[in-house]
Structures are given as structure tokens and as C-alpha cells.
Amino acid sequence: MSGIIISPSILSADFANLENDIKKVEKAGADWLHIDVMDGHFVPNITIGVPVVNSIKKITTLPLDVHLMIENPEKYIEPFVKAGADILTFHYEAVENVEHIVKLIKSYGVKAGMSIKPDTPAEEILKYLPVLDLLLVMTVEPGFGGQKFMEKCAEKISVIKQAAQENLIIQVDGGINAQTARICTHYGANSLVAGNYIYKSTDVELAIKSLRD
Ligand code: DX5
Ligand code: ZN
């Protein structure tokens, strides 16, 4: 075990065959399942909501890593926890009171994650690291799968890694493949989200392994 948490993003899966596509990554050695929730306001796209998470929970044992790209995330914490989220990540740019929402998430006994967009400097959020279980550094503008990895975002990881407590999970999301994964883990990331790289590959198991190595 390398200690790297691999979280395939089902945004790149076939939604008409979702159960099959989830079982595929589960069998291939995924650690978590990444679920991208978008509201058409915080990001210019609409994807998955509470009922889908609820159904997914019934067909997989993988921890559900729910990435909320929505405005007013505090309104939806309880419904997503009830639907089966194990990790709930909100966007720093979408909230006014970080401590309040983290406390709310943790009060349900699930992991609290916070994500930052490409233009948010790492220095701005360092003070919140001690209360977080996970910090997600976006390496593309949130909203769509299949975009190009932005290395300047990954560079923020080293600043975060230096300031972070030892058990903070540092996750990256956007344009992750075997090459860009290496760049991110070099900077200190220990959780990798990948959509297209995993789901568009002909050998899912090999793709996951190549991220882990
Ligand atoms: C983008 C989403 C990602 C997306 C990543 O806003 O947060 O999770 O699925 O897709 P890839 O790995 O294809 O860039
Ligand atoms: Zn995501």
C-alpha cells in the first residue's frame, strides 16, 4: 500500500450503466468513489443530486467522497449525509463561515473537506487546515471533466503540505493521469481524483495502479 487514496470520479462514467461502472472501479482497486455535485450556479454545469447518491450507497461499499460545487452548501449537508456521503467537501469560495460548516459536517460523524479553486491562494486558507480532515486543491476550474491539468495549482500543495497537520488528506482533482499524479504526489498530495483517465482507459485496473505507483 502506497498510502495514496484513489477516488475515481463517476462524472466520466456512463450514467445509463452507473452500477456497472461503479462496480468496475470497485473491483479494480479504487479506495473511494468521487461524486461531483453541481448546481448550475456555483459552476456552469448541473450533475448529480441527493437521490442519486442515495441509490449509489445501496450498490457499493466504497466510501462516498462527495464534492459539492454548489452555493449555500450548508443547506444540503444533512440530506447528503442521510443519502450516504462519507466525506463531504464544500468550496471555500461558496461559504461565509468556514468553521460553522465544518462543525456542522463533523456533527454528523462524516469527514469534512474543503476545496479551493485555481485562483484561490493557498495562504488564504492555511488558518483553516487544523479543523479540516481533507483539503481539495482543484487543478482545473471546477465544472467539467476532461480538462487540462494546471501545474500552477499543484504548486500550491507544497505550501499547504508544509503548514498541515500530519493526518490532513490533501486531494487533487482535475486533469489527473499517471504523469500529473506524480507531480501532485511529489508536492505532497495523498488523494487523487480521476475521471477521464480512469473511465476512458481500456484497462481500469491498470489505470488505477498507474496512479498509485
Ligand atoms: C470537475 C470535477 C472533477 C472531474 C474530474 O469539476 O470536480 O471531479 O470529474 O475529471 P477529470 O479527471 O476528467 O479531469
Ligand atoms: Zn470533483
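A salt bridge here is a side-chain nitrogen of Lys or Arg within 4 Å of a carboxyl oxygen of Asp or Glu. The model is predicted. By this rule the count comes to 5 salt bridges. The tour visits some of them, then the metal.

**Stop one: helix α1.** Select Asp21 and Lys24. Their side chains form a salt bridge, 3.6 Å from N to O. Both sit in helix α1 (residues 18–27), 3 residues apart, or about one helical turn. Asp21 is buried at 7% relative accessible area. Lys24 is partly exposed at 38%.

**Stop two: helix α3.** Select Glu78 and Lys82. The closest N and O atoms of this salt bridge are 2.7 Å apart. The two residues lie 4 apart in helix α3 (residues 77–83), about one turn of the helix. Glu78 is partly exposed at 33% relative accessible area, whereas Lys82 is exposed at 63%.

Select Arg212 and Asp31. Their salt bridge spans 2.9 Å, N to O. Arg212 belongs to helix α9 (residues 204–212) and Asp31 to the loop between α1 and β2, so the pair ties together parts 181 residues apart in sequence. Arg212 is buried, with 17% relative accessibility.

**Stop four: the zinc ion (ligand 2).** Select the ion and show its protein donors: His34 (NE2), Asp36 (OD), His67 (ND1) and Asp173 (OD), 2.0 to 2.3 Å from it. Their spacing along the chain is H-x1-D-x30-H-x105-D. His34 in strand β2 (residues 33–38) and Asp173 in strand β7 (residues 169–173) are 139 residues apart, so this pair links distant parts of the chain. Both His34 and Asp173 are buried.

Note on methods: Residues numbered from 1 in each chain as written. Chains lettered and ligands numbered in written order. Predicted model: local features only at pLDDT ≥ 70, side-chain atom pairs only at ≥ 80, totals over all residues. Heavy atoms only, no water. Donors = N, O, S within 2.8 Å, 3.2 Å for Na, K, Ca; no water. Buried < 20%, exposed > 50% of the residue type's maximum accessible area, 1.4 Å probe, protein only.
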